[in-house]
Amino acid sequence: MIRFFAELIKSLGMCQEECISCGGKISSWQQGFVCENCISSLKPHHPIEYKKLEYVKSYRVFGLYEGALKDVILSIKFNANIPLAHWLGKVIAPYLWEYINSIKPDIITTPAINLRRYWSRGFNHAEEILKGAEVPYISIFKRVGFQAPSAGLKKEERLKVVQTHLLREEAIDLLENRKVLIFDDVLTTGATITRLTELSLMVGALEVHAFFVAKAL
């Protein structure tokens, strides 16, 4: 019966036989996508160099965007791997909840993805990671346009892309005198979080904090 269940999960794309990161053998169907060695490598990286992010009150980063953590994030985003997003959420949950309990935000949210990315992926990966961590969230941002992914863009090009981030009209009144926590997958240049923070503060948010799964090298 267990073997049948394992084969069913594999046929649905919810796990595989080789690790997505190192290619090693996965010994148990419960592991799903990552081998035991790579699972053990997914730990918070300390110390991480924290540089000031404009307008952001404080922020935390789980790990560095390299190795197994990078492979997991890429698989979630570009292989439409929702089960893996939930699994990653469970991995980071203790550290995310520790931060949540320390800052006590009134609102937890994520950046929106544009329609082009949503149509190709079918979900917001940051929201799915939060579901795995059992963290409640609401959507207060939206994207306009059909721009290509910002990965690989120069700083000047990224600054243009982040202008497509806007507030949902129905969420504007929710932000006044509220502490906001914005959750995202990778901190690269900081352009996106700066834009979202600025939008929040402009309509009366008390302060904005951020949590990132990984920081680009």
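Me: Let's start with H6. Which strands does H6 lie across?
Reply: H6 lies across E2, E5 and E6. Its direction is at about 110° to E5. Keep in mind that this is a predicted model.

Me: And which strands does H4 lie across?
Reply: H4 lies across E1, E2, E5 and E6. Relative to E6, H4 runs at about 155°.

Me: OK, H4 and H6 then. At what angle do they pack?
Reply: About 60°, with the axes 6 Å apart. H4 covers residues 82-103 and H6 covers residues 125-132. The two helices are therefore oblique to each other.

Me: Is that crossing left-handed or right-handed?
Reply: The crossing of H4 and H6 is right-handed.

Me: Which residues make the contact?
Reply: From H4 there are Ile82, Ala85, His86, Leu88, Gly89, Lys90, Ile92 and Leu96. From H6 there are Glu128, Ile129, Leu130, Lys131 and Gly132.

Me: How many of those are nonpolar, polar and charged?
Reply: The contact of H4 with H6 has 7 nonpolar, 3 polar and 3 charged residues.

Me: What about H3 and H4, how do they pack?
Reply: H3, residues 67-78, packs on H4 at an angle of about 140°, and their axes are 8 Å apart. That makes H3 oblique to H4. The crossing of H3 and H4 is left-handed.

Me: Which residues meet there?
Reply: Leu69, Val72, Ile73, Ser75 and Ile76 of H3 meet Leu84, Ala85, Trp87 and Leu88 of H4. By class, this contact has 8 nonpolar residues, 1 polar and no charged ones.

Me: Switching to the strands. In what order do they sit in the sheet?
Reply: The order is E1-E6-E5-E2, in an open sheet of 4 strands with parallel pairing.

Me: What holds strands together in general?
Reply: Strands of a sheet pair through backbone hydrogen bonds. The pairing can be parallel or antiparallel.

Me: How many bridges join E1 and E6?
Reply: There are 6 bridges between E1 and E6, in the parallel sense. Val61 stands opposite Phe212 in E6.

Me: And between E5 and E6?
Reply: E5 and E6 pair over 8 bridges, again in the parallel sense. E6 covers residues 207-215. The bridge partner of Asp184 in E6 is Phe212.

Me: So what does Phe212 stand opposite?
Reply: Phe212 is opposite Val61 and is also the bridge partner of Asp184.

Me: How many bridges join E2 to E5?
Reply: 3 bridges, and E2 and E5 run parallel. E2 is residues 107-109. Ile108 stands opposite Leu181 in E5.

Me: How many residues of E5 are buried?
Reply: 8 of its 9 residues are buried, so E5, residues 179-187, is mostly covered.

Me: Last one, Thr194. Where does Thr194 lie?
Reply: Thr194 lies in helix H8, which covers residues 191-202.

Me: Why does Thr194 count as buried?
Reply: Because its relative accessibility is 18%, and buried means under 20%.

Me: What does Thr194 touch?
Reply: Leaving out residues up to four places away in sequence, Thr194 touches Glu54 and Tyr55.

Definitions and conventions: Residues numbered from 1 in each chain as written. Predicted model: local features only at pLDDT ≥ 70, side-chain atom pairs only at ≥ 80, totals over all residues. Heavy atoms only, no water. Axes fitted to C-alpha atoms, helices over the stretch in contact; angles between N-to-C directions. Parallel < 35°, antiparallel > 145°, perpendicular 65-115°, else oblique. Left-handed = near helix turned anticlockwise from the far one by under 90°. Contact = heavy atoms within 4.5 Å. Nonpolar A, V, L, I, M, F, W, Y, C, P; charged D, E, K, R; others polar. Buried < 20%, exposed > 50% of the residue type's maximum accessible area, 1.4 Å probe, protein only. Pairing = 2+ DSSP bridges.
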